[in-house]
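Biologist: I'd like to go through this one with you. Can we start with charged pairs and then move to how the chains sit together?

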Number of protein chains: 2
Amino acid sequence: MLDNAMQYSHQLLTEIVQPGDVVIDATMGNGHDTLFLSELVQSTGRVFSFDVQKAALEQTRALFEHQHQTLINVELIHASHDQIDHYVTEPITGAIFNLGYLPGGDKSIITHPTSTISAVQQSLNQLKIGGRIILVCYYGHPGGQEELQQLLSFVAELDQHHYSCLRYEFINQINNPPILLCIERKK
Amino acid sequence: MLDNAMQYSHQLLTEIVQPGDVVIDATMGNGHDTLFLSELVQSTGRVFSFDVQKAALEQTRALFEHQHQTLINVELIHASHDQIDHYVTEPITGAIFNLGYLPGGDKSIITHPTSTISAVQQSLNQLKIGGRIILVCYYGHPGGQEELQQLLSFVAELDQHHYSCLRYEFINQINNPPILLCIERKK
């Protein structure tokens, strides 16, 4: 079976993230990506994980406890991802964004194009050569199309000499499955 | 590095094609995909390979000879891919189409939307569950955009209960790199 956007996002990160690396989960949500990244970078690495909702930090702590995983290499940060440059000053190998709303959460709390693009730009500023920023874009909610279009414009204008920008999308499904974008730094 | 469309097309076929399988190269061209498929299905399988240009058959024979590979499991067919159902009557695991013109060849000889869509439909009629049809679409030539748009419409309308249709595309490159479409049969 073809990977869905979530599965493919993990595949793209698994290919490049090594133990000891520094990575970002820009949208902590229920903590699943934070846990996944924590396992990839292992105890010598570091995961910076952001969310504006305090509940996300609590859910993530509970998830790690339930999985008997330590948070020793994880920084749970109660702030918007457009504050990345206040918290992350070292080079990163990867970052993941789940854009839209938190599945199963409050659909009125959504990411917004201005802060999202600022956060992506801040992540790019720290991205190592060969590193990848993954954007999993949910857009079936009010405001979702606008965020998606602004993000697509931003990504499509990145200099092809420095970045490869991939779009991975299922095009025959009626329920707006997420679109995956991957920005890889070439040099 | 992220796979380009050609590399990813081979990855998607490698994941599913087994020795003994029957597969189609709908656009033989210089024979590289025919050789690749011949190695995947091995001596117990079968590759049906189509081209309207006689030179393609000659180039493919020369390629196999140069690589010291036998054509024992390959059927080189001098016909348009919209004749697939005249030649292939058994279930297939995969098919690959390189649409547009033959790189390095005569750019006035291009694939056309009506015969391409007919050929894709004929391939779908033979496709096993779990099988994949790959379309690598070059569209930077006169008529290329029209073929691409008609093909995208056709693929986007395939029933999501029976098919998953993936679009894989680099969106920040100015020189129209090929777009990959993959149709996977679910049931």
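Modeller: This is a predicted model. In chain A, the side chains of Arg132(A) and Glu15(A) form a salt bridge, at 2.9 Å from N to O.

Biologist: How many salt bridges over all chains?

Modeller: Eight, from a search of the whole structure.

Biologist: And how many across the interface of chain A and chain B?

Modeller: Zero by the rule used, a side-chain nitrogen of Lys or Arg within 4 Å of a carboxyl oxygen of Asp or Glu. For polar contacts, the count between chain A and chain B is twelve residue pairs, with both residues at pLDDT 80 or more.

Biologist: Which elements of chain A touch chain B?

Modeller: Those giving two or more residues are helix H1 (5–14), helix H6 (144–156), strand E6 (163–170) and strand E7 (179–185). E6(A) gives the most, with eight residues.

Biologist: What is the make-up of that side by class?

Modeller: The side of chain A that touches chain B has 17 nonpolar, five polar and five charged residues.

Biologist: Back to E6(A). What does it pair with in chain B?

Modeller: E6(A) pairs with strand E6 of chain B, residues 163–170, in the antiparallel sense over five bridges. As an example, Leu166(A) has Phe170(B) as its bridge partner in E6(B).

Biologist: How much area do chain A and chain B bury between them?

Modeller: About 2,300 Å², with 58% of it on carbon and sulfur atoms. On the side of chain A, Leu2(A), Ile171(A) and Asn172(A) lose the most area to chain B, together 31% of what that side buries.

Biologist: And how many residues are in contact?

Modeller: 27 residues of chain A are in contact with 27 residues of chain B.

Biologist: Change of topic: symmetry. What rotation superposes chain A on chain B?

Modeller: A rotation of 180° with 0.0 Å of shift along its axis, at an RMSD of 0.0 Å. The two copies are therefore related as by a two-fold rotation axis.

Biologist: Which C-alpha of chain A is nearest the axis?

Modeller: That of Tyr168(A), 2.4 Å from the axis. The same surface serves both copies, since 100% of the contact residues of chain A recur in chain B.

Methods. Residues numbered from 1 in each chain as written. Chains lettered and ligands numbered in written order. Predicted model: local features only at pLDDT ≥ 70, side-chain atom pairs only at ≥ 80, totals over all residues. Heavy atoms only, no water. Least-squares fit on C-alpha atoms with pLDDT ≥ 70 in both. Contact = heavy atoms within 4.5 Å. Buried area = accessible area lost by both parts, 1.4 Å probe. Polar contact = N/O pair within 3.5 Å; in protein donor to acceptor, adjacent residues only side chain to side chain. Helix = DSSP H or I, 4+ residues; strand = E, 2+ residues; numbered from the N terminus. Nonpolar A, V, L, I, M, F, W, Y, C, P; charged D, E, K, R; others polar. Pairing = 2+ DSSP bridges.
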